[in-house]
Structure formats: structure tokens, C-alpha cells
Amino acid sequence: AQDHDGESTLEFRRNDRHLEVEIRPMDHGTLGLFRDVTAARELERSRREMQRMVSHELKTPLSSISGFGSMIETYELSREEQLRIAGLIRGEADRLATMVRTFLDLELLGTHQGTEQWATIDLGGLVEERCDILNAAAREAGQHLHVEGGDDCPVAGSADLLARLIDNLVGNAIKYSPGGATIRVVTRRLGPATILEVTDDGPGIDRDALPRIFERFYRVPGSGSSGSGLGLALVKEISDRHGGCVRAASEVGRGSTFTVELPCENPGMEA
Ligand code: ADP
């Protein structure tokens, strides 16, 4: 206070906390108002980081689309080449659209502003429904998709969000496993919770990468070009939103298991 004449505000860090201090001279002494602004600073930091990542992730597909456009403008292309380039442009645009949709869903979930309907969902039934659709992709890749269990597996939640969780986990197992792989999707009851387990005997995930896979935009190096690194972040956000949790176990060369635990009843969760 002695260093600051008149009213002033300063901020400093102590033991990982950000403290803001307002100093006001009073008639007989000085008033110091201390505020812990750690949460606000952390939010600003993660917003900045998110903006940086979004612009970085959008640049690559946008510059591909722009490059393909220039090719069409510059060269006399055969009908075949035109079709090939149109397909590439559509693929990149679809990837961008999925990325933007997933990203907005994540933001909405984070701010609890989703418009989803909350009810008691029969998770076993929902898993069967989604797997009927996903099975087409598995069959095309020469994989076997097995669905097991599912009796008496209620979850208090949103059918839309839970469908996206199932699609992402089973979709990843299909996307990352080779032909001939077996993917098992098991739903079972464990006391007050319903468990969903997606197991594949695909490539597995490196031990160093495993702790990072639920981060936004994180992709294991060498995972190929079809992905945004947002799918598992969305799975985690959806599990959190339902008052549940998700974990992954994996071994390179042997496969991966993703386990989601969701409360059967959750009276406080209605949006
Ligand atoms: P995306 O699939 O778009 O890259 P995700 O967030 O869904 O993003 O997954 C993050 C990373 O985790 C992926 O890049 C992939 O390397 C790895 N991964 C996810 N699921 C599996 C799986 N079943 N088998 C092997 N690797 C996986």
C-alpha cells in the first residue's frame, strides 16, 4: 500500500492462485480488497487456447479446398479428374462441417445450454439401435460387431447425446481397427450405474498418448487424416453431463477398451 498512492488495483500470484487487490486510501489508513480471480483467469486462458486451436485446425482443410479450387481454375481437366477433385473438396468440406458441429456441441455442453430432452433411457435398446446402423460400416471393413447384454440398463439422460457417445466410441473402434477385427459392445448393470463397454482388438493406443486422448483436438500421431481429435472430448463431456465417467485401457498391438459408467437415476440432472 505504501508503494501505491491513491486508488490502485494490482494482481499477483501466490501458491497457484491469482489474487486481485484493490487498494483505497481511507481517512485513517488504507483499505485492501483481495479477490481470488483464479477461476476467471483460467477461463480466459482456456478460451484463448481454444481460439488458437480452432483457427489452426480450420486452416488445413480450408487451404486444401482453396488449392483444389485453384486447380480447377488453372488446368484443363478431364471429366474424370474433375470428379476426383470434386470428391476431395466434398470430403474436406464434410470434415470441416463435422468438426464445427462437434465443436459447437462441446461448447454448448460446457455452458449447460443444450436443448436436449432428459428422460429415462433404455441404454441396451439404444446401443442395439445404433449398432444396427454402425454395423454397415463394420461389415464393409470386414469386421465383426457383437452386441451383448442390455437388459435392465436404464440411464437418466438424453437419448440424442447418448447416441452420439455410442456412435463415437463404436465408430472409433471401427475406424481404427483393421479388417477381420472383432468389436464387442457390452451393456450391463452394476448397482446404481449402467456400464457401457466398447472393446476392440485393433492397434491399441500408445502408453504416452493414452492420458491425452480425451483432450480436445488431440490425435495420436500417425492416426491418419480422417478425424478432428474432438470425438473423445465429446464422449467425455457427455459422460460428465450425465454425472458419469469414461476411462480407456489399451495395449499396443492388442486393442482398446473404453468403459463408460452412467448413473441409472439422477434426479438433479434435468436440464
Ligand atoms: P479422431 O478419431 O477424430 O482423431 P478422437 O477424439 O475420437 O479423435 O480420438 C483421439 C485419438 O485416439 C485418435 O486420433 C486415435 O488415435 C485414438 N483412438 C481413439 N479410439 C481408438 C481405438 N478404438 N483404437 C485405437 N486408437 C483410438
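**Ligand site**

I started at V220: a polar backbone atom of this residue is 3.4 Å from an oxygen atom of the ligand. I kept in mind that I was looking at a predicted model. Next I went to G229, where a polar backbone atom and an oxygen atom of the ligand are 2.9 Å apart. At Y176 it is the side chain that takes part, with a polar atom 2.6 Å from a ligand oxygen. I then looked up how much of the ligand is covered: it exposes 530 Å² when taken alone, and the protein buries 96% of that.

**Nonpolar core**

My next stop was the largest nonpolar core, which has 47 residues. I noted L123, L169, V170, V185 and L196 as the ones that touch the most other members. Several elements give two or more residues to this core, including helix 1 (38-74), helix 2 (79-110), helix 3 (123-140), strand 7 (182-190) and strand 8 (193-200). Which element gives the most? I found that helix 4 does, with nine residues.

Setting aside residues up to four places away in sequence, I listed V127, C131, L145, H146, V147, E148, V170, L196, E197 and V198 as touching V185. Two of the names in that list, V170 and L196, also stand among the core residues that touch the most other members.

**G244**

I moved on to G244, which sits in the loop between helix 5 and strand 9 (245-251). Is G244 buried or exposed? I put G244 down as buried, because its relative accessibility is 17% and the cut-off for buried is under 20%. Beyond its neighbours within four places in sequence, G244 is in contact with S239, E261, L262 and P263. I also checked G244 against P211: they are 33 residues apart along the chain, and their C-alpha atoms are separated by 18 Å.

**Whole chain**

Last, I stepped back to the chain, where I found five helices and 10 strands. The radius of gyration is 24 Å, well over the 18 Å that the globule rule gives for 271 residues, so I noted the chain as more spread out than a compact globule. I read the span of the C-alpha trace along its principal axes as about 80 × 65 × 35 Å. Of the 271 residues, 37% count as buried. Among contacts with a separation of 6 or more, 64% come from residues 24 or more positions apart.

Terms used. Residues are numbered from 1 along each chain as its sequence is written. This is a predicted model: local features need pLDDT of at least 70, side-chain atom pairs count only at pLDDT 80 or more; totals for chains, interfaces and linings use all residues. Side-chain values use heavy atoms; hydrogens and water are left out. A nonpolar core is a set of buried Ala, Val, Leu, Ile, Met, Phe, Trp, Tyr and Cys residues joined through side-chain atoms within 4.5 Å. Buried means under 20% relative accessible area, exposed over 50%, partly exposed in between (1.4 Å probe, protein chains only). Helices (H or I, at least four residues) and strands (E, at least two) are DSSP runs, numbered from the N terminus. Contact means heavy atoms within 4.5 Å. A polar contact is a pair of N or O atoms within 3.5 Å; within protein, one must be able to donate a hydrogen and the other to accept it, and residues adjacent in sequence count only if both atoms are side-chain atoms. Accessible areas come from the Shrake-Rupley method with a 1.4 Å probe; for residues, only the protein chains shown count as cover. The radius of gyration is taken over C-alpha atoms; the globule rule is 2.2 Å times the number of residues to the power 0.38.
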